[in-house]
Structure formats: C-alpha cells, structure tokens
Amino acid sequence: MFMGEYTHSIDAKGRIILPADFRQELGVTFIIAKGLDKCLFLYGQQAWEELAAKLRALSLVKPEARAMNRFFFAGARTLECDKQGRFLVPANLRNYAEIALKQDVILTGVDNRIEVWSKENWNRYNGEVEPDVTAIAATLADLGV
C-alpha cells in the first residue's frame, strides 16, 4: 500500500526521484500512465495487470469502454529507476499532466498506485476538494464506506 505525500523537483532531463519508501513497494520495473484529474499514475506490475484485466473485460461495443482503454494504454510505458532512484517521465505524459522541466512535483501514495502531480495542479485540486470533504464523506458513508 502506498501512502504519503512527497515534494520533489523534475530535473532538466525530465527525471524525478522516486522516494525510497515507494521504490521498494513499486518494484524494479513499473508502469507510468495518464491518470485522472491531470496527474500521472505509477503502478507496480501486479496492480497494473489487475487494472488491465478490468479494462479488457469492458465491452468494446461501448464508446466509453474504448475511450478508457485508449486513455490508459496509449500513453502507458514501462519504466525503471536509475541508480540514483530517478525515473524519466516521457514528454507526452509531462505535457498531459502540465509538468514543466525544473518544476516542483508532488508524489502521493494512493493505496495501489502513486500519483505524480504538478505542484500547481495539486494545490488547485486540494483547494477544490477540501471544502467538500465532509459532504463527500457523508456520501461515501451512505455507500457503506
């Protein structure tokens, strides 16, 4: 399980240091893909296979299923960290997540994945969600969470 929030910088070559807490759990090779809400998702091999199986099970007759498959698979890449614990974020994914070179990024542990956010998008997202957390919790309580 991934938990926690870390601030790092993306370097001039597009690399980010993966926190040591995350490295061991993620494994030697991992998957980076477009995430929801303008962030990137990092998955270990097993978690990625579980997501991929769910996406494959969707009926491709439905346009929403085709859209989700394209969204997650088209930009996904298998990565590994270098000896300094850095991973390279491909340019197309940096563009999607609005992450500029030499900028602060936020890495958050979210159960079975890590999310990578531009600092600005993370702060904006939190500013939008935090005022509604009590209402969101009440809604989820009605669903048994």
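This is a short walk through one protein chain, from its overall build down to a single residue. Keep in mind as you look around that the model is predicted.

Let's start with the secondary structure. The protein chain holds six helices and eight strands.

Next comes the overall shape. The C-alpha trace of the protein chain spans about 45 × 40 × 25 Å along its principal axes. For 145 residues, a compact globule would have a radius of gyration near 15 Å, and the 16 Å found for the protein chain agrees with that.

What about the inside and the outside? Of the 145 residues in the protein chain, 37% are buried. The protein chain exposes about 8,600 Å², with carbon and sulfur atoms supplying 54% of that area. As for charge, there are 18 positive and 19 negative side chains, and the centres of these two sets lie 10 Å apart.

Finally, let's zoom in on Asn69. You will find Asn69 in helix α3, which covers residues 63-74. Is Asn69 buried or exposed? Its relative accessible area is 13%, so Asn69 counts as buried, the cut-off being under 20%. Which residues does Asn69 touch, leaving aside those up to four places away in sequence? They are Leu55, Arg56, Leu58, Leu60 and Ala74.

Terms used:
Residues numbered from 1 in each chain as written. Predicted model: local features only at pLDDT ≥ 70, side-chain atom pairs only at ≥ 80, totals over all residues. Heavy atoms only, no water. Helix = DSSP H or I, 4+ residues; strand = E, 2+ residues; numbered from the N terminus. Buried < 20%, exposed > 50% of the residue type's maximum accessible area, 1.4 Å probe, protein only. Contact = heavy atoms within 4.5 Å. Rg over C-alpha atoms; globule rule 2.2 N^0.38 Å. Areas by Shrake-Rupley, 256 points an atom, 1.4 Å probe, with all protein chains shown as cover. Lys, Arg positive; Asp, Glu negative; His and termini not counted. Charge placed at Lys NZ, Arg CZ, Asp CG, Glu CD.
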